[in-house]
Amino acid sequence: FQEKTLGGQHWVITAGPTREAIDPVRYISNHSSGKMGYAIAQAAVNAGANVTIISGPVSISAPAGCKVINVESAEQMHQAAMKQSDNADVFIACAAVADYRAADIAPQKMKKSSQDMSISLVRNPDIVKDVAAKANKPFVVGFAAETQDVETYALGKLTSKKLDMICANDVSIATQGFNANQNALTVFDKDSSTEIPLADKAMVATQLVKLIAEKRS
Ligand code: PMT
């Protein structure tokens, strides 16, 4: 896998969590650190690609040489992804996107009362599904972060979202997945599966980028 294998290609990668505001001081989010998505970006840059990261709020630095578009919410990530994927060769959805957002964002800090309360949630757009449905779609790779029935759910997402490839990520194990330094993936396309065993995210990312480059050629 040579340094300039991906020369001239544009790879767009979503990374990190989204934040869905409830009021000016509170939000719904998850434990994604951005480490996996940023490691994929680094591996793609190393192989010569032009890389755009669409990133939710994270506390790590982007790899040198990447263009970074910072967003907070799923709707903002969706808008950026639809635009950036117009001229992309590969789109990788590594972000942990909130499936729901608050139906209404309170304009002022919500006050505690003597009553219990509930928040009404509405569905967010499905970013990777909408990119995969575009007429001029790039090669689209999704992730499936699951705590049970990992393979079944991953294959379901491969089909229902019409993806070219999906990375099944068992996040029930504390040493891999969300916010860990290591990860392990099973990568499925429509007719094969490949194991990427537990290793530092940089190593996993290098193998994944190589696999994507092979599969789309
Ligand atoms: O960031 P790290 O701490 O390094 O952790 C990495 C990770 C565990 C977040 C990453 O490896 C991972 O598994 N990312 C996908 C997380 C996720 O939200 O998976 P999901 O199964 O809920 O979503 C399936 C796919 O649809 C994903 O590609 C996701 O990006 C995409 N999606 C989901 C919802 C939505 N509204 N839009 C989307 O595009």
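This is a predicted model: local features need pLDDT of at least 70, side-chain atom pairs count only at pLDDT 80 or more; totals for chains, interfaces and linings use all residues.

**Exercise 1.** Work out where Asp126 and Ile127 sit, and whether each counts as buried, partly exposed or exposed.

*Solution.* 
- Start with the location: Asp126 is in the loop joining strand S8 (121–123) to helix H3 (127–132), while Ile127 belongs to helix H3.
- Next, apply the cut-off: 20 or more other C-beta atoms within 10 Å means buried, and 12 or fewer means exposed.
- Asp126 has 19 C-beta neighbours inside 10 Å, so it counts as partly exposed.
- Ile127 has 26 C-beta neighbours inside 10 Å, so it counts as buried.
- Finally, skip the neighbours within four places in sequence: the contacts of Ile127 are then Thr14, Met77, His78, Ala81, Ala93 and Val97.

**Exercise 2.** Explain why the residues that UniProt lists under "binding site" do not all gather at one spot.

*Solution.* 
- The unreviewed UniProt entry puts this feature at Asp99, Lys109, Pro125, Asp126, Ile127, Val128, Phe143, Lys157 and Lys161.
- These positions span 63 residues in sequence, and the farthest two C-alpha atoms are 37.1 Å apart, so they don't all gather at one spot.

**Exercise 3.** Trace the eight-stranded sheet and find the helix lying across S10, S11 and S12.

*Solution.* 
- The sheet is open, with mixed pairing and the order S5-S4-S1-S6-S9-S10-S11-S12.
- Its edges are strand S5 (67–70) and strand S12 (192–200), each pairing on one side only.
- From one strand to the next, the twist averages 15 degrees.
- Zoom in on S10 (residues 165–170) and S11 (residues 182–189): they pair antiparallel over three bridges, and Cys167 stands opposite Val187 in S11.

Technical notes: Residues are numbered from 1 along each chain as its sequence is written. UniProt positions are given in the numbering used here, feature names are shortened, and annotations may be inferred rather than shown by experiment. Helices (H or I, at least four residues) and strands (E, at least two) are DSSP runs, numbered from the N terminus. Two residues are in contact if their C-beta atoms, placed from the backbone, lie within 7 Å. Two strands pair if DSSP finds at least two bridges between them. Axes are lines fitted to C-alpha atoms, for helices over the stretch in contact, and angles run from 0 to 180 degrees between N-to-C directions.
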